[in-house]
Amino acid sequence: MTTTMEAPPTLVGPGIDRVDGRLKVTGAARYPSDFSLPEMAYAALVRSTIAAGTIARLDTARAAVAPGVVAVITHENAGQLHKGRRNMVFPPPPPPLQDAKISYHGQYVAMVVAGTRQQAAAAARLVEVTYDRDEPALSPEDPAAKPRSNPYFINLKRGNVKEAMAKAAVTVEGTFTTSAQTHNPLGPFTTLAHWDGDTLTVYESTQNPFLVRAVLAASFGLAEEKVRVLSPFVGGGFGAGLRSWPHSILAALAARAVKRPVRLSLTRPEMFTGIGRRPSTVQHLKIAATRDGKLVAIDHEGTSTASMHSDSPYPITLATTMAYACPNVTARDKRVRLNIPPIAHMRAPFIAEGNFALESLLDELSYKLGMDPIELRLRNYAAVHPQTGLPWSSKALRECYEAGAERFGWAQREPAVGAMRDGRWLVGHGMAGVTFTHYQGKCQARATIRHDGTAHLSSGATDIGTGTYTVMTQLAAEVLGLKVNRVEFELGDTRLPRAPEAGGSGLTAALGSAVHNTCVALVQRFLAVVADDPDSPLRGCAIEDVVASDGRLTRGDDGSRGESYAEILQRHGLDELTADGDSAPPRADTGVLVGSLVVAGLGRFGRKLVGASHAAVPAGAYGARFAEVKVDPELGVLRITRIVSVTDGGRIVNEKLARSQLIGGTVGGIGMAMFEETVTDPGSGRVANATLGDYLVAVNADVPDIDVAFVGEPDPENPIGVKGIGEVGLVGVAAAIANGVYHATGRRIRSLPITISQLL
Ligand code: MOS
């Protein structure tokens with residue numbers, strides 16, 4: 001087994017099965033919509049059928065007398081709800097039902113509460129709403145919609161781009177667009193709200209229980225301790241659960257109004273307007289290089305769409321500022337406000353879109369130079385952080401290219417466009433590099449070893465299907481020297497120690513480090529108990545002097561001398577011992593903004609934020625993606641036949657789960673490349689494809705075998721050596737596919753998703 005203080009033993013840890021696997025396959029795992037409470041009522045929502053304007057008249061009379069209805073709530077009787085505290089990264093949308101103004105199609109205008117879900121839904125259809133309609137702004141091309149500089153995030157100027165561009169031997173440029181997408185977690189977002197006096201409890205679909213708690217507390221003017229958010233299992237999130245949403249407030253409002261617990265589950269169409277979306281983007285990118293492929297200048301402007309109210313920041317050009325060694329870079333982000341539903345981060349937000357443009361245009365440059373695409377990237381390898389000149393905490397992107405090329409058989413690729421065929425199919429090989437980043441928040445945890453020698457760990461984080469329960473159990477078992485089945489991990493409850501969101505690919509680093517530190521503190525507590533104990537073979541030992549394994553602490557200098565946790569507790573008359581611990585992001589001085597992302601992104605502040613005392617820039621994950629595509633030139637049909645995905649994710653705690661995470665990300669990347677698009681009806685602003693029948697996602701028939709591999713080293717920025725791998729798998733897939741399409745057909749795709757009409 002392992003010592004408590006040893007460096008992580010191997011890069012890739014054992015692929016143990018999910019500790020909650022049995023609960024999930026037997027249906028015993030309870031998701032928010034699985035909870036019921038006595039006397040529970042159900043809420044159903046009425047949504048706006050215009051995108052801009054005001055409610056002229058609301059007639060709730062028929063709904064109010066429909067079978068089973070106990071309340072109809074509109075802006076006329078909802079009462080005042082308070083705005084939450086300012087939150088730059090995940091700003092709460094305005095509280096619902098506060099006035100007659102409409103700013104998007106699908107905005108909630110009324111809520112019906114009834115004895116059954118069916119009664120509530122039937123009565124909701126009886127609410128009559130008439131509107132005074134204004135002309136909505138629905139597209140970035142709309143003259144009424146003006147792009148404004150995005151107040152948060154990238155506006156970087158490095159060197160002199162203008163001069164370098166003017167003098168450069170070779171330039172390439174292009175405008176790239178990506179579509180709006182909708183997170184489609186299988187679990188419908190649900191809030192079950194229950195009041196006990198002025199104490200509010202909610203079962204909630206969220207990746208961010210402490211944010212939901214803060215917003216609910218603010219909405220109803222309560223102290224945060226009066227609100228408890230429970231999310232032991234969440235049926236997927238993809239970023240939709242990072243923000244708080246109006247339906248959660250409405251469920252609590254309904255429960256208060258009818259003095260019964262109320263469950264509100266969003267319908268699938270409501271999921272398309274109620275829990276955020278990936279914004280559509282437009283990017284202008286220009287790259288200049290020498291004839292031998294040295295980048296001399298990059299100019300990147302990214303514009304994302306936003307709703308009329310607060311939205312999460314969207315720094316599309318972030319990775320461009322740090323992915324390659326280029327002396328002259330300008331990068332900036334803009335956004336354009338439209339009458340569309342709120343925006344949210346969706347898996348690998350902004351990085352995925354920025355990567356598509358950058359890696360596509362680099363591919364174009366490689367053809368212009370007659371240079372292998374990997375060679376072009378290697379010639380511009382950012383061995384140090386290009387803005388600060390500081391080394392990365394760890395970086396194995398070169399190894400990603402090498403391992404990927406090897407596994408893919410890149411050497412056998414025929415470089416000329418259209419040179420490879422398989423019968424009637426044109427065959428293309430494309431690749432893309434990936435520079436990712438992760439966000440790490442502050443995190444707390446608690447660990448207890450009980451008299452029977454089993455451990456209980458807890459923290460108020462969520463497991464959105466990524467495997468948090470399992471990986472945290474493994475990390476605790478490793479430090480404490482216990483078998484995995486002797487460790488129980490509890491999460492998903494704001495009464496537990498405070499944890500950050502399951503997002504930004506940062507929870508494993510944050511919570512894993514907190515769990516590690518907490519378990520170390522717990523071992524130290526055991527050693528403190530026996531510090532002066534003449535009967536203990538561990539008397540006087542410091543943590544460096546002991547090895548934890550098989551439920552025992554033994555002396556490092558004499559493996560025959562030691563004792564079990566249970567023996568220590570028993571001899572000292574203790575039922576259990578508990579320790580609290582925490583972890584902080586590598587750059588505490590960067591505050592709540594986005595940790596490493598800020599260091600990397602805010603150019604001129606970069607060095608200041610990194611600080612003179614810091615020797616390295618905390619690195620995120622890196623990757624290389626390789627795709628083999630086949631295109632039928634007569635039918636325009638595109639098939640993906642092979643994908644190789646290599647990632648430097650730092651230490652991989654659980655190889656099986658990490659592989660799953662990368663495969664899932666790749667499938668999302670195929671969706672981004674070929675299928676996913678949330679379509680807004682240009683007249684009404686209605687989402688035109690708000691069902692899983694109409695909104696296309698990649699399914700098994702679209703997904704080939706995916707070869708996943710990991711390279712790199714444990715990252716020294718945290719005690720467990722990890723980087724975030726929750727989202728990086730998606731990044732680079734679209735560019736690798738589009739670059740493969742070019743290689744096969746000579747058609748440069750600059751607009752996602754790639755449709756048949758683009759290939760005919
Ligand atoms: Mo991810 S968009 O940080 O859940």
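Analyst: A residue is called buried when its relative accessible area is under 20%, exposed when it is over 50%, and partly exposed in between (1.4 Å probe, protein chains only). Thr 518, with a relative accessible area of 0%, is therefore buried. The model is predicted, with local features requiring pLDDT of at least 70 and side-chain atom pairs pLDDT 80 or more, while totals for chains, interfaces and linings use all residues. Numbering starts from 1 along each chain as its sequence is written, and side-chain values use heavy atoms, without hydrogens and water.

Thr 518 belongs to helix 12, residues 507–529 (a DSSP run of H or I, at least four residues, numbered from the N terminus). Leaving aside residues up to four places away in sequence, Thr 518 is in contact (heavy atoms within 4.5 Å) with Ala 445, Arg 446, Ala 447, Ala 579, Asp 580, Gly 581 and Asp 582.

The cysteines come next. The count of disulfides (pairs of cysteine sulfur atoms within 2.5 Å) is 0. Cys 443 takes part in no disulfide, and the nearest cysteine sulfur, belonging to Cys 519, lies 12 Å away. Cys 443 has 1% relative accessibility and so counts as buried; Cys 326, at 3%, is likewise buried.

Elsewhere, helix 8 (residues 351–369) meets helix 17 (residues 733–745) through Asn 355, Phe 356, Glu 359, Ser 360, Asp 363 and Tyr 367 on one side, and Ala 734, Ala 735, Ala 738, Asn 739, Tyr 742 and His 743 on the other.

How values were computed:
Axes are lines fitted to C-alpha atoms, for helices over the stretch in contact, and angles run from 0 to 180 degrees between N-to-C directions. Helices (H or I, at least four residues) and strands (E, at least two) are DSSP runs, numbered from the N terminus.
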